[in-house]
Amino acid sequence: MSEQKQVWVFIEHTDGQVADVSLELTGKARELADQLGYEVVGLLCGHNVDALAQDVIQHGADRVLLADDPELDLYRTLTYARVAITEAKKRQPEIFLIGGTPNGRDFAPRVASALRCGLTADCTDLQIGDYTRKDVTYKNLLHQIRPAFGGNLIATIVNPNTRPQMATVREGVMRKPAADASRKGVVEKVTPVFEPGDLALEVLSRQIRKSTVKLKDASVIVAGGAGVDGAEEFALLRDLANLLGGEVGASRAAVDAGYIEKAHQIGQTGSTVRPRLYIAAGISGAIQHRAGMDQSSKIIAINTDPNAPMFQIAHYRIVGDVGEVLPMIIKTLRERSMDQREAE
Amino acid sequence: MTDSRPIHSVVLVKQVPDTHNITGEVMSKDGTMNRGALPAIFNPEDLNALEMALEIKDRFGGTVTVITMGPPKAAGILRDSLFRGADNVVLLTDRKFAGADTLATSYVLQHAVQKVGNFDLVLCGRQAIDGDTAQVGPQTAEKLGIPQITYAETVIDIADGKITAERALDSGSEIVRCKLPCLLTVVNTANTPRPASVRLQMERKLAAVPSEYPAIRAQWPEFETDEALDAYLAAHDLKIPVWSADDIGTAEGSIGLAGSPTQVHKVNFVVLESTESKTIAPTPEAIAAMVAELVHEYIVG
């Protein structure tokens with residue numbers, strides 16, 4: 001067993017593929033580990049998944065802990081948590097990163113509770129830094145950075161006294177590194193030992209839809225919020241997105257209002273996007289939303305409230321009603337494409 | 001032959017600032033939030049959890065006990081729970097609980113649920129809107145040593161000591177069967193919470209914790225002393241029990257700030273980077289010019 005301190009990543013997978021978020025976090029773990037001289041360890045649970053270990057290594061892991069067992073075929077809280085808890089107690093990782101997916105958010109708190117360690121949900125940044133409290137300085141802690149208190153605040157959370165320092169991060173927040181086929185790593189098999197209670201839950205059936213929403217790769221996103229007046233007006237966003245070859249996004253308010261499904265939500269608890277153009281229609285711009293889109297190359301904000309925070313990060317500010325402004329943009333684009341056709 | 005027996009549920013709820021309705025007035029000029037301007041509400045998904053427990057009681061019989069940890073004013077959501085049909089409610093309040101992170105909170109809830117005892121199901125909302133962590137449910141399940149079904153959307157059946165439920169996942173759904181007792185976290189698509197019953201509201205409108213007695217007596221002067229009101233409420237089963245840290249037997253080092261492994265290192269006000277920005281008038285001409293500029297920069301087209 002390695003004596004080196006470890007940064008762990010929980011490796012999720014479906015249909016024989018490692019989840020993007022797990023590879024993104026492997027890349028982030030590599031950066032953190034390089035600063036500290038630690039090793040990056042992927043925790044891979046499943047059945048017949050040994051082929052996935054190399055993918056994890058090629059994205060930055062030094063070691064993969066492979067727990068392969070029929071009881072681990074489908075994700076279940078207690079069987080997966082048992083492997084993590086047993087191995088973490090044995091190996092004492094310093095840091096443990098988990099994707100902010102439905103399974104990751106089911107798994108992480110269960111494990112954190114058993115290990116009695118701190119866990120920070122939906123971090124938007126992770127750094128290494130110090131922390132001083134009551135004249136005691138803790139060196140090289142994981143700074144877990146997330147929007148907080150429902151307001152315009154960014155909190156840096158630390159866990160000075162407990163290990164591992166656990167954090168979940170949503171898909172798309174960290175950048176996925178390119179695979180390096182020349183990277184070598186160790187695949188270490190671990191044999192899970194379950195307790196009877198770990199098998200209390202059976203999965204009777206599982207239906208997974210392939211998501212048709214491709215926000216992460218969209219070059220243009222037209223997103224609506226509470227300032228969109230009703231589902232009919234929201235349809236204007238779809239028209240504009242179609243014209244621009246983009247996708248429709250939404251703030252949480254628009255999802256809660258039932259204008260569009262949750263899969264379109266952008267922000268801390270939705271998707272993180274970096275399109276070429278982001279049109280924020282009637283989105284006031286709470287920090288949670290901005291966390292998911294503020295790296296867009298160009299932002300157009302449309303809002304009746306001239307003090308909406310979104311205007312402060314927008315490149316084009318339009319103080320006006322979404323129902324009036326969007327049709328103007330649509331009309332301009334339609335006329336341009338007609339002019340183009342005539343010219344050809 | 002399946003065995004169906006009454007199901008005793010404990011529902012964990014939270015009073016939260018209504019962060020969904022943040023408006024311009026709530027945000028101060030310096031970018032901070034004026035929390036006082038936000039009304040305190042029943043955490044929305046906790047209402048879905050309460051509704052699921054009440055539906056289980058309607059189907060199988062049993063009881064519904066609602067617990068909240070918070071300041072005395074959180075008694076408001078317990079009264080609301082009574083109006084909707086909860087059988088028992090408990091307020092966990094103690095200055096020593098203050099500053100708890102999710103781990104310390106789950107430890108307190110574990111002890112409260114164990115003090116209630118004799119439970120088949122523990123239910124709570126998937127997450128609270130003031131933090132969105134979705135951690136307290138699974139952490140409480142782990143502390144209680146019971147399995148968890150997160151994102152529960154439908155209870156299909158409860159029989160032979162097992163619950164069959166459908167879970168809503170981002171990308172699909174899953175049907176699971178789990179031994180009781182277990183903990184469910186409930187999503188907002190599970191149901192439409194029933195409104196308060198007018199009859200229960202009439203019967204239970206005086207339900208209160210002691211710190212609310214002065215306000216009640218101001219409205220109902222016939223109760224001349226707190227003691228008189230207390231005796232009346234006790235006789236009519238309207239006294240909301242209040243449990244402290246000592247009442248539930250928690251260890252000092254495991255609650256509140258001391259029991260919280262996470263610490264806030266610093267809080268930064270978000271300084272919005274001033275971007276090179278242009279104000280565009282909401283007129284067809286100005287918008288056409290903006291589109292032309294975007295086309296010129298190859299952003300569009």
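**Close-up 1. The loop that holds A:Gln92 in the predicted model.** A:Gln92 lies between helix α3 (77-91) and strand β6 (95-99) of chain A. Although A:Gln92 is not a glycine, its phi is positive, about 50°. The residue has 12 other C-beta atoms within 10 Å and is therefore exposed, since a residue with 12 or fewer such neighbours counts as exposed.

**Close-up 2. The loop that holds B:Asn118.** B:Asn118, which is not a glycine, has a positive phi of about 45°. With 9 C-beta neighbours inside 10 Å, B:Asn118 counts as exposed.

**Close-up 3. Helix α4 of chain B, residues 136-144.** Nine of the nine residues of this helix are buried, so the helix is largely enclosed by the rest of the structure. Among them are B:Val136, B:Pro138 and B:Leu144. The buried residues pack against α4 (102-115) of chain A and against elements of chain B, including β1 (7-13) and β7 (148-159). B:Gly145 follows the helix and has a positive phi, near 70°.

Close-up 4. A:Arg317 stands opposite B:Thr279. In total, 71 residues of chain A are in contact with 63 residues of chain B. The chain A side of this contact has 36 nonpolar, 21 polar and 14 charged residues.

**Close-up 5. Cis peptide bonds at A:Pro164 and B:Pro181.** The bond between A:Arg163 and A:Pro164 has an omega of about -5°, and A:Pro164 is placed in the loop between β10 (153-158) and β11 (165-169) of chain A. The bond between B:Leu180 and B:Pro181 has an omega of about -10°; B:Pro181 lies in the loop between β9 (172-179) and β10 of chain B.

Notes
Residues are numbered from 1 along each chain as its sequence is written. Chains are lettered from A and ligands numbered from 1 in the order in which they are written. This is a predicted model: local features need pLDDT of at least 70, side-chain atom pairs count only at pLDDT 80 or more; totals for chains, interfaces and linings use all residues. A residue is buried if 20 or more other C-beta atoms lie within 10 Å of its own, exposed if 12 or fewer, and partly exposed in between; C-beta atoms are placed from the backbone. Helices (H or I, at least four residues) and strands (E, at least two) are DSSP runs, numbered from the N terminus. Two residues are in contact if their C-beta atoms, placed from the backbone, lie within 7 Å. Ala, Val, Leu, Ile, Met, Phe, Trp, Tyr, Cys and Pro count as nonpolar, Asp, Glu, Lys and Arg as charged, and the others, Gly among them, as polar. Two strands pair if DSSP finds at least two bridges between them.
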